[in-house]
Each structure stands twice: as C-alpha cells, then as structure tokens.
Amino acid sequence: MKVMISQPMKDKTEEQIRRERESLIEILQGEGYEVVDTIFTEEPPEDTDKAIWYLSKSIEAMGKVDGVVFMPGWNKARGCIVENQVATAYQKFVMYI
C-alpha cells in the first residue's frame, strides 16, 4: 500500500522535516508500506500564494497514494487539516500517529 505523510511544515527547513519523519518512514516500511516522498523542494511561481501552491501539490500527490499517515500536530496545521478533509472525503486509508 502506498502512503504519504502529512505533518506540520510551516517555518521548518527541509532538513527538519526529513529528520522528524525519518523514524516513522522506517516503521511504515517495516510494516510493508511504500512511503511516497511528498517534500516538495521546487519554488512556487512568482505572485503565487506559497502555502496554497504547496497544498495543491500535496493534494495532487494524494491522488496517487492509497492512504495518508498524519503526524502529531496535524490538527493544528491548516494544510494538514485540509489534507485530512480530502483524505476522509475520498475514503483514503487514514492513520494517525
């Protein structure tokens, strides 16, 4: 089963984000999940709402996975809340850590 990880990312570096999810990825892979990398490093176009642009990339990725794993704090991050709404509305497999 392909899954992606949803986690609060605001004001974090790519390195911080990867470090936070590193052990979770190992656990998920050990349980047989294929974890899709959804850390988007490209810069949004100029005159774009950066947060919405990254959220749209995440939702696009969600269309290619079977489920979403939500890390602690997801329910306090607006992008993660939207991802959760999309995942549940479209009946994706959902796991909360």
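Modeller: Helices (H or I, at least four residues) and strands (E, at least two) are DSSP runs, numbered from the N terminus. The model discussed here is predicted.

Colleague: Where is Gln91 found, then?

Modeller: Gln91 sits in the loop that joins α3 to β4, just after α3.

Colleague: What is the phi of Gln91?

Modeller: Its phi is positive, about 55 degrees, although Gln91 is not a glycine. Most residues other than glycine have a negative phi.

Colleague: Is Gln91 buried or exposed?

Modeller: Gln91 has a relative accessible area of 72%, so it is exposed.

Colleague: And what about the phi of Asp47?

Modeller: Asp47, which is not a glycine either, has a positive phi near 60 degrees. This residue belongs to the loop between β2 (34-35) and α2. Asp47 counts as exposed because its relative accessibility is 84%, and the cut-off for exposed is over 50%.

Colleague: Back to α3. How many residues does it have, and how far does it reach?

Modeller: Helix α3 has 12 residues and spans 16 Å from its first C-alpha to its last, close to the 16 Å expected at 1.5 Å a residue.

Colleague: Which residues of α3 are buried?

Modeller: They are Cys80, Glu83, Asn84 and Ala87. These residues cover an arc of only 100 degrees around the axis, so they lie on the same side of α3. Arg78 and Ala89, on the other side, are exposed.

Colleague: What do the buried residues of α3 pack against?

Modeller: Their packing partners are β1, α2, β3 (67-70) and β4 (93-96).

Colleague: Why does Asn84 count as buried?

Modeller: Its relative accessibility is 10%, and therefore Asn84 counts as buried; the limit is under 20%. Leaving aside residues up to four places away in sequence, Asn84 touches Phe70, Trp74, Val94 and Tyr96.

Colleague: Changing topic, what volume does the largest pocket have?

Modeller: The volume of the largest pocket is about 880 Å³. Its lining consists of 29 residues, and those nearest the centre are Met9, Lys10, Lys50, Ala51 and Tyr54.

Colleague: How many of the lining residues are nonpolar, polar and charged?

Modeller: The lining of the largest pocket has 12 nonpolar, 10 charged and 7 polar residues.

Technical notes:
Residues are numbered from 1 along each chain as its sequence is written. This is a predicted model: local features need pLDDT of at least 70, side-chain atom pairs count only at pLDDT 80 or more; totals for chains, interfaces and linings use all residues. Side-chain values use heavy atoms; hydrogens and water are left out. On a 1 Å grid over the protein atoms alone, a cavity is a set of points where a 1.4 Å probe fits but cannot get out, and a pocket is an open set with protein on both sides within 12 Å along at least five of seven lines; lining residues have an atom within 4 Å of a point. Grid points are joined across faces, edges and corners, and a volume is the space filled by probe spheres set on the points. Ala, Val, Leu, Ile, Met, Phe, Trp, Tyr, Cys and Pro count as nonpolar, Asp, Glu, Lys and Arg as charged, and the others, Gly among them, as polar. The expected span of a helix is 1.5 Å times one less than its number of residues. Buried means under 20% relative accessible area, exposed over 50%, partly exposed in between (1.4 Å probe, protein chains only). The arc is that of the directions from the helix axis to the C-beta atoms. Contact means heavy atoms within 4.5 Å.
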